[in-house]
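Hi,

Here is the structure I promised to pass on.

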Amino acid sequence: MLDRASNLPDLPAEIARRRTFAIISHPDAGKTTLTEKFLLYGGAIQMAGQVRAKGEARRTRSDYMQMEKDRGISVSASAMSFDFASGDRNYRFNLVDTPGHSDFSEDTYRTLTAVDAAIMVIDGAKGVESQTRKLFEVCRLRDLPILTFCNKMDRESRDTFDIIDEIQENLAIDVTPASWPIGVGRDFLGCYDVLNDRLELMDRADRNKVAESIKIEGLDDPKLADHVPAHLLDQLREELEMAKELLPKFDPQAFLDGTLTPIWFGSAINSFGVKELMDGIGKYGPVPQPQSANPRQIGPDETKVMGFVFKVQANMDPKHRDRVAFVRLASGHFTRGMKLTHVRSKKPMTISAPVLFLASDRELAEEAWAGDIIGIPNHGQLRIGDTLTEGEALRVTGIPSFAPELLQNCRAGDPMKAKHLEKALMQFAEEGAAKVFKPNIGSGFIVGVVGALQFDVLASRIEMEYGLPVRFEPSQFTSARWVTGPKQAVEKFVAANKQHIAHDNDGDIVYMTRLQWDIDRIERDHPEVTLSATKEMM
Ligand code: GDP
């Protein structure tokens, strides 16, 4: 396990000020709104609403994006960088967007390998919802520190203790209040900032205004009565007294270990509670963390540049057929034009046009530091899981590929275009959007995905981006497993199971079946052969 620390000695100031995180939430909880406010406070945009507006302009570009819009899901992930001043510190925040739909869990998993912390947004009236729970479990696999934002407090919401209990019980994590709401719904006044002993009052008239902040000397400060009506003040004192007895105190190390989450209450749409949350990320959030790799771990304080690809997006601009590999820098100071070694092929690559994603635009990155996310346009050399270094042959680990849960045959509407179809499918396979298997016997391809919706997305993308109508049809197989083991044993196994064997787009051997029974039988009959549901990408 990685040793998470809030402060690593000797970390260059540029790296120490970086915070790289993602937001996880159930659709509609307010992720987009919160992102907008982050950018607003980061000075990256002038007016809230630009993220959405920009998003919509982009979406109209293709039917596939149109579909995404119709279904209210966000398929494409991106990263945004912005500065945020808090007290006398100036942070660089890198916010990595996670796809919100449950059908894209694999993509989400890999996205979360590129961050050091996550913000969990929940709706104050709904509490922990299904998608929140799934994403939380993914964060837990990596022991990511989690900050919780309980949104929509301007509406009727649940009792504060109920919300906290639900998180503790449902997600098995300790919760500590970073702030405490005063009043509910229409009577919601603001919050008591528990960590800083301040009163934060919400301004309902101006939604883009940062809340008024009043310094308070503890709960007995007479100033409180000037701002909070007596009945709400009594309730606040009582609740905080109870909270003190019932809930753990904030412990920075427990938070970094992922066993305790501080919760802030607010209303993203009213810009309320957002700045305090951002202050929290800056002050307590982890600096860029060590990255697991073979044969050794990579420290963010190493001077040599190392980075890894966690996402590839093809055809971001359909006119140019470009591909962008999203690279998380694990160490060092990167400058434009640097020559890095592509570890998988052992070939040098000059990174001449790296991009940074600043708020609503991408621009050339002249430099970047450990913790940053840069985009590297390329023609397919860079794949998910690839490592780039200044020479040392290190391979980042922990970026798995999952066996698909659904398999279908894919055929070109026009049989003459089978070759084009192969090219399109390979492209999507490298992007990580689907698994493509070529059976050893017969023609055609079997496409595997994690969620059914992905077939629709693929079909419409292949049509849009390659002008190829395609059909997906039920396959005789329902499961796929990667086959590994000593060469001779694998050859013997392949010869005995010809009807079930295919190769994936990397040329690795895959066994397909519709019966779990088959998988159990093989484990008995071919003890030297391993069938696995995940494969490290490299
Ligand atoms: P996402 O699906 O998680 O990205 O959610 P959005 O940010 O798009 O928000 C979903 C809906 O909730 C939108 O209609 C927002 O205007 C609304 N919303 C977001 N934050 C708040 C809030 O603090 N209070 C209220 N009342 N509505 C909010």
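**What's around the ligand**

Sorted by class, the shell around the ligand is made up of 4 nonpolar, 7 polar and 5 charged residues. Keep in mind as you read that this is a predicted model. Of the 16 residues around the ligand, the ones that come nearest are Lys-31, Thr-32, Thr-33, Ser-267 and Ile-269. Helix H2 (residues 31-41) gives the largest share of that shell, with 3 residues.

**Asp-116**

Next, find the loop between helix H5 (105-112) and strand S4 (117-123), because Asp-116 lies there. Is Asp-116 buried or exposed? Buried: the cut-off is 20 or more C-beta atoms within 10 Å, and Asp-116 has 24 C-beta neighbours inside that distance. Leaving out neighbours within four places in sequence, Asp-116 is in contact with Thr-20, Phe-21, Pro-286, Pro-288 and Gln-289. Phe-161, by contrast, is 45 residues from Asp-116 in sequence and 28 Å from it in space, C-alpha to C-alpha.

**Strand S27**

Now go to strand S27 (residues 445-449). 5 of its 5 residues are buried, so S27 is largely enclosed by the rest of the structure. Phe-445, Val-447 and Val-449 are on one side, Ile-446 and Gly-448 on the other, and both faces are covered.

Which strands pair with S27? Strand S25 (residues 406-412) does, antiparallel over 5 bridges, with Leu-406 bridging to Val-449. Strand S26 (residues 435-439) does too, antiparallel over 3 bridges, and here Phe-437 stands opposite Ile-446. S26 and S27 make a hairpin with 5 residues between them, and Gly-442 in the turn has a positive phi of about 90 degrees.

Cheers

Definitions and conventions: Residues numbered from 1 in each chain as written. Predicted model: local features only at pLDDT ≥ 70, side-chain atom pairs only at ≥ 80, totals over all residues. Near = placed C-beta within 6 Å. Helix = DSSP H or I, 4+ residues; strand = E, 2+ residues; numbered from the N terminus. Nonpolar A, V, L, I, M, F, W, Y, C, P; charged D, E, K, R; others polar. Buried ≥ 20, exposed ≤ 12 C-beta atoms within 10 Å, placed from the backbone. Contact = placed C-beta atoms within 7 Å. Pairing = 2+ DSSP bridges.
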